[in-house]
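Me: I would like to learn how features are read from a set of coordinates, taking the general idea before the particular case. Could we work through one example together?

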Amino acid sequence: MMGNAPDLRTARILKVTSLMTLTLQNAVLGLSMRYSRTRGGPMFIASTAVVMTEILKLMTSLYFVYLEHHNFNAWSQDLYRRVIANGMDTIKMSVPSLVYVVQNNLLYVSASHLDATTYQVTYQLKILTTALFSVVILKRKLLPTQWAALVLLVAGVAMAQLSGSSENPKQSNTKGPVQNKLIGFASVFVASFLSGFAAIFVEMILKSSDISIWMRNIQLSLLSLPFGLMTCFISDRDEIMQLGWFHGYDYFIAYLIVLQAAGGMIICLIIKYADNILKGFATSLAIVISGVASVFLFDLRITTLLTTGAALVIGSIILYSLPAKVDKTSLRYKNIEEI
């Protein structure tokens, strides 16, 4: 028991740190994506940005795996054993790899057609889809209070974000593609559904094996790249051939790619050390933080709707965390050998 204490403390620190980092990352990602699709200048090709994000995640994961060995031969042998020799295990990751590529492209579509507030609110449907898939796939039992917490969460986030739609922006941004809210809603709805499924699928794989998070990320990114490249040349081939792969790229797009890649890495840590519904709560709390930040950045008026929404989100987090014994059912997946 004593020997496990440092490991438990380390896992707890990683859990809290990753949740806090994801909260901050999500607080700016939605606004950054929206700005990238509405600002002036040449429009970058979103499908290429998705591929560049996967390349960055792959390079980062390869580096962290190397740090585990501090030796090139041991590093290369481990990569061969885990990725190539154990091919069936790698192939399992093709399912979430494809889903994540489609999801990330859909998020760019929705960010092009919905304002940041509507985009962020609607995307919180992923919390409910994650909970649904955790019950169906992982056979996880949620108490009535936890379901009530999910309902409170969605209501609170909606109230907090809808309060932002009444702000009076200093300038009206009319740049970017013509908005079609039907396309935007459909894109973010499907992305939410895919997000819930992929997150639970990856959680099941991570928690039923002893392969490191970084090695799983290598498998994910390696399999995501061909899917991403196919998406590029199916949907944007003519534009890429005419304008070039890096058309419209600048420092802001580079920052956006790094921000997205960081989010993907943090999510894997959360899946390993926490669970996907807590990830959803961190994301939702980030939206409330964004709303509060808008008071100082965009002269958003503090309204009763915003205050009530923030209170509901905080209350839902407390309500969800009360039954600490609930998630023992997930322990049965520690010894799963086949999916």
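Me: Which residues of the largest nonpolar core touch the most other members?

Reply: In soluble globular proteins, nonpolar side chains tend to be buried together. A nonpolar core is a set of buried Ala, Val, Leu, Ile, Met, Phe, Trp, Tyr and Cys residues joined through side-chain atoms within 4.5 Å, where buried means under 20% relative accessible area, exposed over 50% and partly exposed in between (1.4 Å probe, protein chains only). Here the largest core has 33 residues, and Met33, Phe44, Leu107, Tyr108, Tyr119 and Leu256 touch the most other members. Helix 1 (5-38), helix 2, helix 5, helix 6 (116-123), helix 9 (181-206) and helix 12 (251-273) each give two or more residues to this core, and the largest share, 10 residues, comes from helix 9. Apart from it lies another core, of 16 residues, among them Val51, Val65, Met215 and Ile218.

Me: What should I keep in mind about the origin of the model and its numbering?

Reply: This is a predicted model, in which local features need pLDDT of at least 70 and side-chain atom pairs count only at pLDDT 80 or more, whereas totals for chains, interfaces and linings use all residues. Residues are numbered from 1 along each chain as its sequence is written, and side-chain values use heavy atoms, with hydrogens and water left out.

Me: How many helices and strands does the protein have?

Reply: Helices (H or I, at least four residues) and strands (E, at least two) are DSSP runs, numbered from the N terminus. The protein has 14 helices and zero strands, and buried residues make up 47% of its 339 residues.

Me: Is Ser97 buried or exposed, and which residues does Ser97 touch?

Reply: Ser97 counts as buried because its relative accessibility is 0%, and its place is in helix 5 (residues 94-113). Contact means heavy atoms within 4.5 Å; leaving aside residues up to four places away in sequence, Ser97 touches Gln219, Leu220, Leu223, Ser224 and Phe227.

Me: Where does Arg82 find its salt-bridge partner, and how far apart are the closest N and O atoms?

Reply: Side chains of opposite charge can pair when their charged atoms come close. A salt bridge is a side-chain nitrogen of Lys or Arg within 4 Å of a carboxyl oxygen of Asp or Glu, and a search of the whole structure finds six. Arg82 forms one with Asp78, the closest N and O atoms being 3.8 Å apart; both residues lie in helix 3 (residues 72-85), four residues apart, about one turn of the helix. Arg82 counts as partly exposed because its relative accessibility is 23%, whereas Asp78 is buried, with a relative accessible area of 7%.

Me: Why are Asp89 and Lys92 separated by about one helical turn?

Reply: They are so separated because Asp89 and Lys92 are three residues apart in helix 4 (residues 87-92), and their side chains meet in a salt bridge (3.9 Å, N to O). Asp89 is buried, with a relative accessible area of 10%, while Lys92 is partly exposed at 24%.
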